[in-house]
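Please keep the model open beside you as you read.

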Amino acid sequence: MLSLFGLFLAALIAATLLPAQSEAVLVALLLDGGDPVLLVAVATAGNVLGSLVNWWLGLQVQRFQGRRWFPVSPARLERAQAWYRRYGRWSLLLSWAPVIGDPITLAAGVMREPLRVFLPLVFIAKAMRYIVLALVTLGLM
């Protein structure tokens with residue numbers, strides 16, 4: 001049970017703008033014989049929740065941007081907004097990707113993407129990444 005909590009926490013942190021590595025935790029637990037369906041579900045839930053934190057921060061960006069602890073520079077935020085303006089909500093399908101994924105979810109909040117659109121797209125992206133990783137780890141792909 002503690003390993004599932006650790007996976008959830010690693011996935012949640014990895015989806016925020018803080019550096020973390022959830023894939024290594026998932027692979028280790030898979031190789032240790034963990035239930036792939038349960039592990040993928042837990043990792044996906046944590047990662048989607050972390051992206052939801054980014055979306056909420058995006059909604060609050062005007063209020064938080066000047067604070068020292070706010071993790072996004074104005075230049076990085078502008079790049080993310082430009083990407084989001086150019087590619088729109090479908091760019092959320094890239095929310096799984098390293099480097100660009102987290103800023104896209106933040107930009108979605110800044111751009112006031114409705115939650116009913118945000119959540120399904122982010123869920124699909126995050127779940128597919130963990131499913132593919134599990135399949136590769138288990139030699140099924």
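A word on the ground rules comes before the tour. This is a predicted model, in which local features need pLDDT of at least 70 and side-chain atom pairs count only at pLDDT 80 or more, while totals for chains, interfaces and linings use all residues. Residues are numbered from 1 along each chain as its sequence is written, and side-chain values use heavy atoms, with hydrogens and water left out.

Start at helix α1, residues 2–15, and helix α2, residues 22–31. Helices here are DSSP runs (H or I, at least four residues), numbered from the N terminus. The axes of α1 and α2 lie 8 Å apart, and the two helices pack at an angle of about 155 degrees. That angle makes α1 roughly antiparallel to α2. For the terms, axes are lines fitted to C-alpha atoms, for helices over the stretch in contact, and angles run from 0 to 180 degrees between N-to-C directions; those over 145 count as roughly antiparallel. The α1 and α2 crossing is left-handed, a label used if the near helix is turned anticlockwise from the far one by less than a right angle, with right-handed used if clockwise.

Now follow the chain on to helix α3, residues 36–59. With α2, helix α3 packs at an angle of about 165 degrees, the axes being 10 Å apart. These two are therefore roughly antiparallel to each other as well, but α2 passes α3 in a right-handed crossing.

Next come the charges. Side chains of opposite charge can pair when their charged atoms come close. How many salt bridges does the structure hold? There are three, each being a side-chain nitrogen of Lys or Arg within 4 Å of a carboxyl oxygen of Asp or Glu.

One of these joins Arg-129 to Glu-23, at 3.0 Å from N to O. Arg-129 belongs to helix α7 and Glu-23 to helix α2, so this pair ties together parts that are 106 residues apart in sequence. Arg-129 is buried, at 15% relative accessibility, whereas Glu-23 is partly exposed at 21%. Here buried means under 20% relative accessible area, exposed over 50%, and partly exposed in between (1.4 Å probe, protein chains only).

Another salt bridge links Glu-113 with Arg-89, at 2.7 Å from N to O. Glu-113 sits in the loop between α6 (101–110) and α7, and Arg-89 in the loop between α5 and α6, so the pair ties together parts that are 24 residues apart in sequence. Glu-113 is buried, with a relative accessible area of 6%, while Arg-89 is partly exposed at 35%.

In the remaining pair, Arg-85 meets Glu-78, with the closest N and O atoms 2.8 Å apart. Arg-85 lies in helix α5, residues 74–87. Both partners are partly exposed, Arg-85 at 49% and Glu-78 at 39%. The C-alpha atom of Arg-85 is also 9.4 Å from that of Ala-108, 23 residues away along the chain.

Val-132 lies in helix α7, residues 115–137, and is partly exposed at 34%.

Conventions. Parallel < 35°, antiparallel > 145°, perpendicular 65-115°, else oblique.
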